[in-house]
Amino acid sequence: MTRVDETPTSPATSELQPTHKVGRAVFLGALAAGVSSLYWGKTAWSRVSSAIGPIESHIPLVPTGGWRIYAVSGSLPGFDPKTWRLEIGGHVEQPTTLDYHQLLALPKVEQVSTFHCVTGWTVKNVQWGGVRLGEVLALAKPTDVAHAIEFVSMENPYVDYLTRQQASLHDVMLAYEMEGKPLARAHGAPVRLVIPEMYGYKNVKWLTGINLVPQAVDGYWEQLGYDRDAWVGHSNGYGT
């Protein structure tokens, strides 16, 4: 369930976080072994590293407030507000580039929603701040052949897709704040996709590109076997 507040509020400033190294091959090996909750930090990590294999013990995942932060590349992407850009292109009439301050200047909305991970954990009542996806798409004017949207992460090779119909749900947003603060690096700074009705792997973090495309295809996790239409409670073996 999502509670949405459409009252415009003032934009926030950026927050830079330190880098944590995350090995993609090691992370995928841990998933295969069934590891779903690991702790970043010497004290907490030492309590579990001896109980799991040597491969898994090298995977830093960041838990904060009930979250488990997953990455599939060599490090958590960082961003410089002076150089970061969000490119909106593909099948559009007017390709558009937004810098960080231009993104913050768009009409801001806030909402409270529940975040569901496909691995089974949930974080309730997450407060997001950002801009409606439709507001950004309207700047680029999608053409009639654009029936889906590709979301490109700075975390190469992570991409994912939504149909235009899925993307038009009332609570889909591009979030640059969480809990009243600028989005932290671990949560996808400077901006991430939020679609509460779908599992977390569709909520692409560290966004750098939005492309209008003819149809949705398999994204990063779908190519590894997850469902393309990741509806909470009705996909990936849930509700069947």
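Predicted model: local features only at pLDDT ≥ 70, side-chain atom pairs only at ≥ 80, totals over all residues.

Biologist: Where is the place of Pro-157?
Modeller: Pro-157 has its place in the loop between strand 6 (148-153) and strand 7 (159-163). Helices (H or I, at least four residues) and strands (E, at least two) are DSSP runs, numbered from the N terminus. Residues are numbered from 1 along each chain as its sequence is written, and side-chain values use heavy atoms, with hydrogens and water left out.

Biologist: And the peptide bond from Asn-156 to Pro-157, is it cis or trans?
Modeller: The bond from Asn-156 to Pro-157 is cis, with omega near 15°. Another cis peptide bond joins Ala-189 and Pro-190, where omega is about 10°, and Pro-190 lies in the loop between strand 9 and strand 10. Most residues other than glycine have a negative phi, and most peptide bonds are trans.

Biologist: What is phi of Lys-141, then?
Modeller: Lys-141, which is not a glycine, has a positive phi near 60°, and Lys-141 sits in the loop between helix 4 (133-140) and strand 6. Trp-206 also has a positive phi, near 55°, and is found in the loop between strand 10 and strand 11.

Biologist: Is Trp-206 buried or exposed?
Modeller: Trp-206 is buried, with a relative accessible area of 0%, whereas Lys-141 is partly exposed at 43%. Here buried means under 20% relative accessible area, exposed over 50%, and partly exposed in between, with a 1.4 Å probe and protein chains only. On that basis 48% of the 240 residues of the chain count as buried.

Biologist: Changing topic, how many helices and strands does the chain have?
Modeller: The chain has five helices and 11 strands.

Biologist: Why is strand 8 described as largely enclosed?
Modeller: Six of the six residues of strand 8 are buried, so strand 8 is largely enclosed by the rest of the structure. Strand 8 also pairs antiparallel with strand 5 (residues 122-132) over five bridges, and in that pairing Gly-129 has Glu-177 of strand 8 as its bridge partner. Two strands pair if DSSP finds at least two bridges between them.

Biologist: Which strand do three bridges join to strand 8?
Modeller: That is strand 10 (residues 192-194), running antiparallel to strand 8, with Leu-174 opposite Leu-193. Two bridges join strand 8 to strand 9 (residues 181-182), again antiparallel, and there Glu-177 stands opposite Pro-182. The hairpin of strand 8 and strand 9 has two residues between the strands, and in this hairpin Glu-179 takes a positive phi near 55°.

Biologist: What about the core, which residues touch the most other members?
Modeller: In the largest nonpolar core, which has 59 residues, those are Trp-67, Trp-128, Leu-133, Phe-151, Leu-174 and Ile-210. Strand 8 (residues 173-178) gives the most to this core, with five residues. A nonpolar core is a set of buried Ala, Val, Leu, Ile, Met, Phe, Trp, Tyr and Cys residues joined through side-chain atoms within 4.5 Å.

Biologist: Which residues is Phe-151 in contact with?
Modeller: Leaving aside neighbours within four places in sequence, Phe-151 is in contact with residues including Leu-133, Tyr-158, Leu-193, Val-204 and Ile-210, where contact means heavy atoms within 4.5 Å.

Biologist: And what does Glu-222 touch?
Modeller: Not counting residues up to four places away in sequence, Glu-222 touches Asp-160, Tyr-201, Lys-202, Asp-227 and Arg-228. Glu-222 lies in the segment after strand 11 and is buried, with a relative accessible area of 5%.

Biologist: Last one, how does strand 2 pair with strand 11?
Modeller: Strand 2 pairs with strand 11 (residues 207-213) in the parallel sense, over four bridges, and Glu-87 stands opposite Gly-209 of strand 11. Strand 2 (residues 85-90) is also joined to strand 3 (residues 96-99) by four bridges, in the antiparallel sense, with Thr-97 as the bridge partner of Glu-87. A hairpin of five residues links strand 2 to strand 3.
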